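Visitor: Before we look, could you take me through this model slowly, and set each label against the rule behind it?

Guide: Gladly; here it is.

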Amino acid sequence: MKKFSFSMQKILDVREFTKKQAEAELGKAVAAERKIQDTLDLIAQQKASLIAEADNMHDLQSLYDVNQYFKLLDQRRDNLLPELAKAKVVSEEKRDVMREAMKKVKVLENLKDSRYKAWKKEALKEDETVIDDIVTSRFGGSYV
């Protein structure tokens, strides 16, 4: 019995490679988005702890310093929000590319599976024919 070969295997390999590249790009985009989000979370935590500290302050200079630091944190947050929006857009674009690559691979895998099943069925049929011929030739075609 001859070995199964898929005529579009090279195309499938290229599409799988493209899918892996898309996965890597998506990972990078999600990591960048996560980094910005973590920075925003850290800013929020700093503001919350600063508020708790400011409640116990009675010195005017300290309160002024806290207020200035609030302004700095707000400015950093305001600068990061557009970056986060851009990062989310990039992540979604990479996700779409990934979905498309997965679809293309899945189509070829399904085609390969169906062709393999057809090949297997044909191979079994050929084996049965060969076995029938052997049995017929051994026993001379007489079934008694």
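Visitor: What does the model rest on?

Guide: It is a predicted model, in which local features need pLDDT of at least 70 and side-chain atom pairs count only at pLDDT 80 or more, while totals for chains, interfaces and linings use all residues. Residues are numbered from 1 along each chain as its sequence is written, and side-chain values use heavy atoms, with hydrogens and water left out.

Visitor: How many helices and strands are there?

Guide: The protein has two helices and zero strands, where helices (H or I, at least four residues) and strands (E, at least two) are DSSP runs, numbered from the N terminus.

Visitor: What makes the contact between Lys-47 and Asp-74 a salt bridge?

Guide: A salt bridge requires a side-chain nitrogen of Lys or Arg within 4 Å of a carboxyl oxygen of Asp or Glu, and the side chains of Lys-47 and Asp-74 meet at 2.6 Å, N to O, so the pair qualifies. Lys-47 lies in helix H1 (residues 9–54) and Asp-74 in helix H2 (residues 60–139), so the pair ties together parts that are 27 residues apart in sequence. The structure holds ten salt bridges.

Visitor: Why is Lys-47 called partly exposed?

Guide: Buried means under 20% relative accessible area, exposed over 50%, and partly exposed in between, with a 1.4 Å probe and protein chains only; Lys-47, at 21%, therefore counts as partly exposed. Asp-74, with 24%, is partly exposed, and of the 144 residues of the protein, 17% count as buried.

Visitor: Which residues form salt bridges with Arg-99?

Guide: Glu-92 is one partner, with the closest N and O atoms 3.7 Å apart, and Asp-96 is another, at 2.6 Å. Asp-96 and Arg-99 both lie in helix H2, three residues apart, about one turn of the helix. Arg-99 is partly exposed at 40% relative accessible area, as is Glu-92 at 35%.

Visitor: What makes Ile-131, Val-135 and Phe-139 a nonpolar patch?

Guide: Patches are made of residues with over 30% relative accessible area and no salt bridge, with nonpolar side chains (Val, Leu, Ile, Met, Phe, Trp, Tyr) joined within 5 Å and like charges within 9 Å. Ile-131, Val-135 and Phe-139 form such a patch on the surface, with about 290 Å² of accessible area together, an area that comes from the Shrake-Rupley method with a 1.4 Å probe, only the protein chains shown counting as cover for residues. Ile-131 lies in helix H2.
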